[in-house]
Amino acid sequence: MPADPKSTLKSYIDARREALISKVEGLSEREARLPRTPTGTNLLGIIKHVTGVEAVYLGSTFDRPFPEPEALISDEVFEVDPQADWYATEDETLEGIIGLYRRVIAHGNETIDALPPDAIGHVPHWGGEEVTLHQMLVHLFADLAGHGGQADILREEIDGAVGWRKAGDNVPSEYDWSAYVAKLTKIANKF
């Protein structure tokens with residue numbers, strides 16, 4: 001584990017990014033896109049959303065715009081469809097969105113490496129609010145952790161795959177899950 005705070009945050013952020021990407025690995029285009037909640041949340045949409053968020057938080061916020069603005073959702077598209085960053089269009093692919101996210105990650109990591117933690121930036125969609133790089137790294141980690149939790153639950157619903165990055169890496173692999181669920185149900189039914 002790195003000793004300095006910025007490197008520590010970066011390593012945790014990188015781990016959350018990879019965990020999130022792992023939630024679509026092995027899925028078909030259909031499975032990755034299919035809405036899983038009443039509000040349409042889907043795995044590929046989560047990744048598309050964090051792609052745009054990171055491009056802003058570690059890009060334009062610090063006057064380091066992502067070098068492929070045409071690959072991101074424009075303000076004009078958001079005006080027409082405020083959910084445009086939460087789903088893949090027919091023209092987009094799983095591979096293409098993951099590739100774009102990896103390029104956004106590389107650009108964001110360049111920003112992290114280039115700036116000190118107290119570097120000042122302004123978040124455009126927060127009314128230009130002044131922030132430090134440290135604040136944005138903490139905010140980004142919290143954002144990725146929340147979306148990672150969403151993705152973890154959605155993936156489990158698809159095919160039972162659980163774990164931080166792969167099956168069994170942070171949950172017991174040899175466990176009687178149906179007995180466990182039955183036990184919890186029995187407790188809940190007492191109320």
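Modeller: A helix's expected span is 1.5 Å times one less than its number of residues. Keep that at hand for this structure, which is a predicted model.

Biologist: Now the span. What distance should the 27 residues of α6 cover, and how far apart are its end C-alpha atoms?

Modeller: Helix α6 covers residues 133–159, so at 1.5 Å a residue it should span 39 Å; the end C-alpha atoms lie 38 Å apart, which agrees. Helix α3 can be checked in the same way: its 15 residues reach 21 Å from the first C-alpha to the last, close to the expected 21 Å.

Biologist: Which residues of α6 are buried?

Modeller: First the general idea. An α-helix has 3.6 residues a turn, so residues three or four places apart point the same way. In α6 the buried residues are L133, M136, L137, L140, D143, L144, H147, G148, A151, L154 and R155. These residues pack against α1, α3, α5, β1 and β2. For α3, the helix is mostly covered, with 13 of its 15 residues buried.

Biologist: How should I read two helices packed together?

Modeller: Two packed helices are described by the angle between their axes and the distance between the axes. Take α1 and α6: their axes are 9 Å apart and the packing angle is about 25 degrees. Angles under 35 degrees count as roughly parallel, and that makes α1 roughly parallel to α6. The crossing of α1 past α6 is left-handed.

Biologist: Which residues of α1 and α6 meet?

Modeller: From α1 the contact uses K6, L9, Y12, I13, R16, R17, L20 and S22. From α6 the partners are L133, H134, L137, V138, L140, F141, L144, A145, H147, G148, A151 and R155. By class, this contact of α1 with α6 has 12 nonpolar, four polar and four charged residues.

Biologist: At what angle do α3 and α6 cross?

Modeller: The axes of α3 and α6 come within 10 Å, and the crossing angle is roughly 175 degrees. Angles over 145 degrees count as roughly antiparallel, and α3 and α6 are therefore roughly antiparallel to each other. On the α3 side, the contact holds L43, I46, H49, V50, V53, E54 and Y57. On the α6 side are M136, H139, L140, D143, L144, H147, Q150, A151, L154, R155 and I158. The classes in the contact of α3 with α6 are 11 nonpolar, four polar and three charged residues.

Biologist: That leaves α1 and α3. At what angle do their axes cross?

Modeller: Helix α1 (residues 5–22) and helix α3 (residues 43–57) have axes that come within 10 Å and cross at roughly 150 degrees. α1 and α3 are therefore roughly antiparallel to each other, and their crossing is left-handed. R17, L20 and I21 of α1 touch α3 through I46, I47, V50 and E54. This contact of α1 with α3 has five nonpolar, no polar and two charged residues.

Biologist: Now single residues. Is H107 buried or exposed?

Modeller: Relative accessible area decides it, and buried means under 20%. H107 has 9%, so H107 is buried. H107 sits in helix α5. Apart from neighbours within four places in sequence, H107 is in contact with L58, G59, R64, P65, F66 and P67.

Biologist: Where does P124 lie?

Modeller: P124 is in the loop between β1 and β2. Its relative accessibility is 47%, so P124 counts as partly exposed. Setting aside neighbours within four places in sequence, P124 is in contact with V56, S60 and T61.

Conventions. Residues are numbered from 1 along each chain as its sequence is written. This is a predicted model: local features need pLDDT of at least 70, side-chain atom pairs count only at pLDDT 80 or more; totals for chains, interfaces and linings use all residues. Side-chain values use heavy atoms; hydrogens and water are left out. Axes are lines fitted to C-alpha atoms, for helices over the stretch in contact, and angles run from 0 to 180 degrees between N-to-C directions. Helices (H or I, at least four residues) and strands (E, at least two) are DSSP runs, numbered from the N terminus. Angles under 35 degrees count as roughly parallel, over 145 as roughly antiparallel, 65 to 115 as roughly perpendicular and the rest as oblique. A crossing is left-handed if the near helix is turned anticlockwise from the far one by less than a right angle, and right-handed if clockwise. Contact means heavy atoms within 4.5 Å. Ala, Val, Leu, Ile, Met, Phe, Trp, Tyr, Cys and Pro count as nonpolar, Asp, Glu, Lys and Arg as charged, and the others, Gly among them, as polar. Buried means under 20% relative accessible area, exposed over 50%, partly exposed in between (1.4 Å probe, protein chains only).
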